[in-house]
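Please open the structure in your viewer and keep the selection panel at hand. The stops below are meant to be taken in order, with one selection at a time.

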Amino acid sequence: MRAIRYYGPGDIRLDNIPEPVVGPKQVKIKVAWNGICGSDIHSYYAIIPGLSPTATEAHPVTKEKLPIIMGHEFAGTIVDIGPEVDRTKFDVGQHVAIEPSVTCMEESCLQCTTIGTRNLCSKLAIIGVSGGCGGLAEFAVVDDHLAHILPPGVPMEMGAMMEPLAVAWHAVKKANVKAGSSALIIGAGPVGIMILKILRVNGAGWIGVSGRAQKRCEFALLHGASSAFNIAHSGVDVVVETVRETKGRGVDVVFDCGGSQATIDTALASVRPGGMVMNVAMWKDRPTIDMNLMICKEVVLAQSFVYAGDHEKLLQAIAQGKFSDMTSLITRRIPLEDLVDKGIMALIHEKHEHVKILVHP
């Protein structure tokens, strides 16, 4: 089969490799769509510490070294089922979205043995980043508990967006946003827009979104933002505008999807006294935090990392039609052979033109 494999920074190849064979408790799927994630772009420049294996050191959970098959945001059709899989739940022909997080599940691991904290396992692996059968291939096999059956009528493209939507769902859940709460989302990329959608589903009040690309700001307004601030334009001050639009109060919660010194400074200045800043970003550099500002405002600085048992409730919301227009975020669909030139490079050099790019094997 054809598969995109990652050999290291700047070295991504389309290879022909044997099809994977389904294991006893696994399902084999024919991949329909795989979304390109920010981590794929990061990997193009550098190996992700802790998550990515190297050519000489295997990941502790997947036991794989480079090269690995890429892709972790994917959905497809079941084409084979292992002999120990529950056939009252799974059947050939079903459409499934894949939850790509895999952990050590060792008895000594407190995070794996505690409900709702598997995402904090120190040996966390992500299929398509740490090894395993990634979604940038014609076929993949995954453990059955990682395959989530899509509700009837839900397009496969939506299934490929389940993973980043779960990231957003987990962040909003952790922030405990109430109906009528105000929020600022820093970063108008896919996760930021998905947080916006979930906040609207939860009945949030004023929601501001800041970003650097006009098209992404327009998408934010289209999907329910009260205001969108394009910080690429001179004279745009997100803090001033946020405080003004909340009548001097500041917002109840800020979601930082940017992960830079500028974004954390904006977040701490925009949140109301007693409010929360929820970090959803992975950071390249260590920031300087104004602890005096935080203590004088009693700001809670919280973190949200991927997801943990969120897919079932998210699927229920999808089945109820609460995210029926998410596929409008897709700005390009490409074949495997165009991954680098029209996928990764486009999201680097034409970021202002794109929100989500999907790949079809």
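Predicted model: local features only at pLDDT ≥ 70, side-chain atom pairs only at ≥ 80, totals over all residues.

Residues are numbered from 1 along each chain as its sequence is written, and side-chain values use heavy atoms, with hydrogens and water left out.

**Cysteines**

Select Cys121 to begin. A search of the whole structure finds 0 disulfides, a disulfide being a pair of cysteine sulfur atoms within 2.5 Å. Cys121 is accordingly in no disulfide, and the nearest cysteine sulfur, that of Cys104, is 3.6 Å away. Cys121 counts as buried at 5% relative accessibility, where buried means under 20% relative accessible area, exposed over 50% and partly exposed in between, with a 1.4 Å probe and protein chains only. Moving to Cys296, you will find an exposed residue, with a relative accessible area of 68%.

**A helix pair**

Next, select residues 190-201, which form helix H5, together with residues 214-222, which form helix H6; helices (H or I, at least four residues) and strands (E, at least two) are DSSP runs, numbered from the N terminus. The two helices pack at an angle of about 15 degrees, with their axes 10 Å apart, the axes being lines fitted to C-alpha atoms, for helices over the stretch in contact, and the angles running from 0 to 180 degrees between N-to-C directions. Show the side chains of Pro190, Ile193 and Leu196 on H5 and of Arg216, Phe219 and Ala220 on H6, since these residues make the contact, which is defined by heavy atoms within 4.5 Å.

**Two histidines**

Select His233, which is found in the loop between strand S13 (227-230) and helix H7 (238-245) and is partly exposed at 43% relative accessibility.

His311, by contrast, is placed in helix H10 (residues 311-319) and is buried, with a relative accessible area of 2%. Leaving aside neighbours within four places in sequence, His311 is in contact with Glu99, His148, Met162 and Ala166.

**A buried glutamate**

Finally, select Glu157 in helix H3 (residues 156-159), which is buried with a relative accessible area of 16%. Beyond neighbours within four places in sequence, Glu157 is in contact with Trp33, Thr327, Ile330, Arg333 and Leu358.
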